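These are my notebook entries on a single structure. I wanted to record its core, its ligand site and a few backbone details.

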Amino acid sequence: MDSTFPIIIQGGMGAAVSDWRLANAVSRLGQLGVVSGTALDQVFARRLQDGDPGGHMRRGLHYFPFPQMAQRVWNAWFIPDGKRPGQPYKRPLMFTKDGPREVQELCMVANFVEVYLAREGHGYPVGINYLEKVQLPHLPSMYGAMLAGVAYVLMGAGIPVKIPGVLDCLALHGRATYPLQVTGAQDGDDTTMTFEPREFMERDLAPLVRPRFLAIIASNTLALTMLKRANGKVDGFVIEGPTAGGHNAPPRGKQPLSESGEPVYGERDRVDLEKLRELGVPFWLAGGYGSPEKLREALAAGAAGIQVGTVFAFCTESGLTAEYKQTILEGVVAGEARVMTDPVASPTNFPFKVVRVAGSTSEADVYSARPRICDLGYLREAYRTGEGTIGYRCSAEPVTTYVAKGGKPETTAGRKCLCNGLMANIGHPQVRNGYVEHGLVTSGNDLNALAPFLPAGGCIYSAADVVNKLMSGPESPREPRLSA
Ligand SMILES: Cc1cc2nc3c(=O)[nH]c(=O)nc-3n(C[C@H](O)[C@H](O)[C@H](O)COP(=O)(O)O)c2cc1C
């Protein structure tokens, strides 16, 4: 095994749960810290509108290689001392297939700063995570992250066969393209997104490091597909099981839901590790692997290591609000924490794990009191309109709007606005006419497995506590081994 691979990958957790602070804390310990790249343009714009507490965004912006662009973004979003409480956040325009340019710039800058800050003060690698389904921001996002020297790009929630080639092009500041999935597209429709770095560069730059690419997948078939069809090198796989936090791959085959309304996973969803090993590509196991015992088990099965999310999501350095951490960890201490795999909450149509928290949209009363609105739009589906153009719709938007765009009414049932919920989780809730958005927290199935990480009588632990515990035990795995 290549000794420069990490043993522990701190999984990407959107939006900004795995922010620059968490990734920095993990990477400086010699494991792989991964920032979430999801909706970073929005997160960045809100941090600036909150007055950039601590001046971190400003510091990162200072190192962005194109100063005029950095200045434009700063001027557009920064509010000295922050917006007034109760004042709504100003929103960037929503992405479309061809831009708009101001959002591409914001996206590039935001991805740069997140990675820059995650790398600050140590010489270890840092990764960034994207969801394949959130396609519109892909190209400017990856370019921004690469300008900051991101070492790994990890991508799940889709089949990212065209990402390796994008990374190859962007490393040379070359034109990159990506096929936008458009429902109902016909032969001859232009569905290709194009990004030309030279239209944005203010000066020439040396070629960038091409990051390693890890595909996050849940089946042997997908591993094979990636290796056969990818348009460039796939450097490894994260094999994520159905107990993992965040989105999950749907079960294979048509299974009825369980009594509690959750998807049921079976033998067909089990990944054959023996077969996977035969592919000769490094892999990490994810989904309930956050313990020293499971780490040893993964290594014994031939994995390069593990990817862990849930245990990191509730540590001091994560972006979740202190209130959510405390409430949920108190539930863990009491042995009462509950997680549900919701088959319909996410407009992506993938099952999504939801922690039951009073006052969040996991609860029916909070959900039904929320006026349906789609004003961030990251999970919108692109579709072919009657005129042959590309339209965008989200199954969590107002039903009449969705149906007017040709969406099926039944698809809207139980859908939740993840975009606004995830912003509220990290302390940037939108306010509209006095209504304040509530969070929607996700975690892996076994939240109660967090208990061993909590100090006696307390709920506060650090990323270093997690890494040290995972690496502890009688047959401690190899020392952290990422090279600086
Ligand atoms: C709060 C949270 C948010 C997550 N968001 C993402 C995400 O944006 N992209 C992704 O690929 N995986 C996401 N995940 C999955 C993690 O990266 C990781 O694979 C998973 O948590 C591992 O399983 P575990 O939760 O049992 O440790 C998320 C997990 C959590 C707990």
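The entries below go from the core to the ligand, and then to single helices and residues.

**Entry 1: the core**

I note at the start that this is a predicted model. I looked up the largest nonpolar core and found that it has 132 residues. The residues with the most contacts inside this core are Phe44, Phe237, Phe312, Phe314 and Tyr461. Helix α5, residues 101-119, gives the most to this core, with 12 residues. I also recorded a second, separate core of 12 residues, which includes Val34, Tyr152, Leu214 and Val238. As background, I noted that in soluble globular proteins nonpolar side chains tend to be buried together.

I then took Tyr461 and listed its contacts, leaving out residues up to four places away in sequence. Tyr461 touches Val311, Phe314, Cys315, Thr316, Leu329, Leu450, Phe453, Leu454 and Val466. Phe314, one of these partners, is also on the list of residues with the most contacts in the largest core.

**Entry 2: the ligand site**

I asked which residues are closest to the ligand. Of the 20 residues that surround the ligand, the closest are Glu240, Gly288, Gln307, Gly309 and Thr310. By class, I found that the shell divides into 5 nonpolar, 14 polar and 1 charged.

A polar side-chain atom of Thr310 is 2.5 Å from a ligand oxygen. For Gly309, a backbone N or O atom lies 2.8 Å from an oxygen atom of the ligand. Asn129 places a polar side-chain atom 2.8 Å from a nitrogen atom of the ligand. On its own the ligand has 600 Å² of accessible area, and the protein covers 94% of that. The elements that give two or more residues to the shell are β3 (126-131) and β11 (305-308).

Why is helix α6 described as largely enclosed? I found that 10 of the 10 residues of this helix, residues 138-147, are buried, so the rest of the structure largely encloses it. The buried residues include His138, Pro140, Tyr143 and Leu147. Among the elements that cover them are α5, β3, β4 (152-156), α7 (163-171), β5 (176-179) and β7. Just after α6, I recorded a positive phi of about 85° at Gly149.

I next turned to Pro197, which is found in the loop between β7 (192-195) and β8 (212-217). Pro197 counts as buried because its relative accessibility is 0%, and the cut-off for buried is under 20%. Leaving aside neighbours within four places in sequence, Pro197 is in contact with Tyr143, Leu170, His173, Gly174 and Arg175. Tyr143 in this list is one of the buried residues of α6. I also checked Pro197 against Pro6: they are 191 residues apart in sequence and 31 Å apart in space, C-alpha to C-alpha.

**Entry 3: backbone geometry**

I looked for cis peptide bonds and recorded two cases. The bond from Gly14 to Ala15 is cis, with omega near -15°. Ala15 belongs to the loop between β1 (8-10) and α1 (20-27). The bond from Gly99 to Pro100 is cis, with omega near -5°, and Pro100 lies in the loop between α4 (67-77) and α5.

Ala16 has a positive phi of about 55° although it is not a glycine. Ala16 is in the loop between β1 and α1, and is buried at a relative accessible area of 2%.

**Entry 4: Asn425**

Is Asn425 buried or exposed? I found Asn425 buried, with a relative accessible area of 3%. Asn425 lies in helix α15, residues 418-425. A polar atom of the Asn425 side chain is 2.8 Å from the backbone oxygen of Leu440. Not counting residues up to four places away in sequence, Asn425 touches Gly319, Leu320, Thr321, Tyr324, Gly439, Leu440 and Val441.

Methods:
Residues are numbered from 1 along each chain as its sequence is written. This is a predicted model: local features need pLDDT of at least 70, side-chain atom pairs count only at pLDDT 80 or more; totals for chains, interfaces and linings use all residues. Side-chain values use heavy atoms; hydrogens and water are left out. A nonpolar core is a set of buried Ala, Val, Leu, Ile, Met, Phe, Trp, Tyr and Cys residues joined through side-chain atoms within 4.5 Å. Buried means under 20% relative accessible area, exposed over 50%, partly exposed in between (1.4 Å probe, protein chains only). Helices (H or I, at least four residues) and strands (E, at least two) are DSSP runs, numbered from the N terminus. Contact means heavy atoms within 4.5 Å. A residue is near a molecule or strand if one of its heavy atoms lies within 4 Å of it. A polar contact is a pair of N or O atoms within 3.5 Å; within protein, one must be able to donate a hydrogen and the other to accept it, and residues adjacent in sequence count only if both atoms are side-chain atoms. Accessible areas come from the Shrake-Rupley method with a 1.4 Å probe; for residues, only the protein chains shown count as cover. Ala, Val, Leu, Ile, Met, Phe, Trp, Tyr, Cys and Pro count as nonpolar, Asp, Glu, Lys and Arg as charged, and the others, Gly among them, as polar.
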